[in-house]
Each structure stands twice: as C-alpha cells, then as structure tokens.
Amino acid sequence: MEKVVITVAKTDRGYSAICDLLEGWVVAVTGDFRELEKEVKESIDTFIEWAKEDGDEYPPIFHEEYELQYRFNVQSLLCFYNKIFSKAALEHMTGINQKQLSHYACGRSVPRKETAEKIVNALHELGRELLVIAV
C-alpha cells in the first residue's frame with residue numbers, strides 16, 4: 001500500500017495540513033488533530049470523487065488503496081502530545097531542557113535538524129518499548 005504524506009502544522013486555534021501531491025489542497029480545522037485527520041480523509045475522498053466526475057487528472061497513487069502518513073513539524077508534534085507528556089518527561093527522554101522544549105512548542109524558536117531528529121527518535125524509541133508490553 002502506497003503512503004501519502006500529509007504535512008501538519010499547528011495554527012493559533014487548531015491544525016492545518018497540506019499534501020504536496022495535491023496542488024493547492026489545504027485543510028484547516030479549529031480543534032484537535034483527531035478532527036484534522038477526519039477532515040483530511042473526507043477532503044481527499046471528495047477531491048478524488050470530483051476529479052473523476054469532471055474527468056480531471058489526479059495523482060495515480062489515488063487509483064489504488066493508500067495510507068495517510070502524517071508528518072508533524074516539531075511545534076505541532078509537541079503541542080499534540082502536550083497533554084500526554086510533561087516537559088519534564090520529554091526532557092528525560094530527549095536530553096533537551098524543558099525551557100528549550102517550551103520554546104519549540106510555542107514557536108519562539110525552531111530546532112536544528114539534529115535536535116528535531118533527537119525528539120522524534122526518542123518518541124520512536126518509546127513506541128518500540130511500548131510495543132513489547134503484554135498483559
């Protein structure tokens with residue numbers, strides 16, 4: 001199954017998303033990421049349906065089943081997980097101090113590529129650790 005990358009950004013009141021495969025396509029919601037996921041899927045389905053009806057070209061990836069893969073920038077990632085991970089927990093996981101993480105979360109500064117990768121890698125490592133838990 002092919003992956004379609006959806007780039008997510010935090011806005012003042014919610015989230016927005018773009019897909020490089022669909023020129024000019026943007027979705028924005030006031031609210032949380034779950035609402036954005038729903039709107040993205042519905043919007044892409046509608047876009048494809050209308051393209052078919054009008055006989056317009058659209059990326060061939062949408063001819064078959066596809067999977068949406070969401071790519072967050074660091075600010076939107078930290079905001080999304082804000083209620084799940086405290087800054088202290090993120091500091092413990094990443095080695096990045098809480099004050100700096102706060103600056104990233106509110107958009108006062110943007111991490112270097114290596115720092116962004118450090119944050120993502122720490123969350124991936126946590127995910128791998130959680131996958132081995134059984135009850």
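The legends below describe close-up views of a predicted model.

Residues are numbered from 1 along each chain as its sequence is written, and side-chain values use heavy atoms, with hydrogens and water left out. Because the model is predicted, local features need pLDDT of at least 70 and side-chain atom pairs count only at pLDDT 80 or more, whereas totals for chains, interfaces and linings use all residues.

**View 1. The chain as a whole has 5 helices and 4 strands.** Helices (H or I, at least four residues) and strands (E, at least two) are DSSP runs, numbered from the N terminus. Along the sequence the pattern reads β-β-β-α-β-α-α-α-α. A box of roughly 55 × 40 × 25 Å, taken along the principal axes, holds the C-alpha atoms. Of the 135 residues in the chain, 33% are buried; buried means under 20% relative accessible area, exposed over 50%, and partly exposed in between (1.4 Å probe, protein chains only). The accessible surface, by the Shrake-Rupley method with a 1.4 Å probe, is about 9200 Å², and carbon and sulfur atoms account for 51% of that area. Contact means heavy atoms within 4.5 Å. Among contacts between residues at least 6 apart in sequence, 48% join residues at least 24 apart.

**View 2. The open sheet has 4 strands in the order β3-β2-β1-β4.** Its pairing is mixed, two strands being counted as paired if DSSP finds at least two bridges between them. At the edges are β3 (26-30) and β4, each of which pairs on one side only. From one strand to the next, the twist averages 25°. Helix α1 (residues 33-54) packs on this sheet and touches β1, β2, β3 and β4. The direction of α1 makes about 135° with that of β4; such angles run from 0 to 180 degrees between N-to-C directions, and axes are lines fitted to C-alpha atoms, for helices over the stretch in contact.

**View 3. Strand β1 (residues 2-10) pairs with β4 and with β2.** β1 and β4 (residues 66-72) run parallel and are joined by 7 bridges. Lysine 3 lies opposite glutamate 67 of β4. With β2 (residues 14-18), β1 pairs in the antiparallel sense over 4 bridges, and a hairpin of 3 residues links the two strands. Threonine 7 has isoleucine 18 of β2 as its bridge partner.

**View 4. Helices α3 (residues 87-94) and α4 (residues 98-106) pack against each other.** Their axes are 9 Å apart, at an angle of about 110°. The two helices are therefore roughly perpendicular (65 to 115 degrees; under 35 is roughly parallel, over 145 roughly antiparallel, and the rest oblique). Lys87, Ala88, Leu90, Glu91 and Thr94 of α3 meet Gln98, Leu101, Ser102 and Ala105 of α4. By class, this contact has 4 nonpolar, 3 polar and 2 charged residues; Ala, Val, Leu, Ile, Met, Phe, Trp, Tyr, Cys and Pro count as nonpolar, Asp, Glu, Lys and Arg as charged, and the others, Gly among them, as polar.

**View 5. Leucine 78 is in helix α2 (residues 74-80).** Leucine 78 counts as buried because its relative accessibility is 5%. Leaving aside neighbours within four places in sequence, leucine 78 is in contact with Leu90, Leu101, Tyr104, Ala105 and Ile119. Leucine 78 and alanine 105 are 27 residues apart along the chain, and their C-alpha atoms are separated by 5.4 Å.
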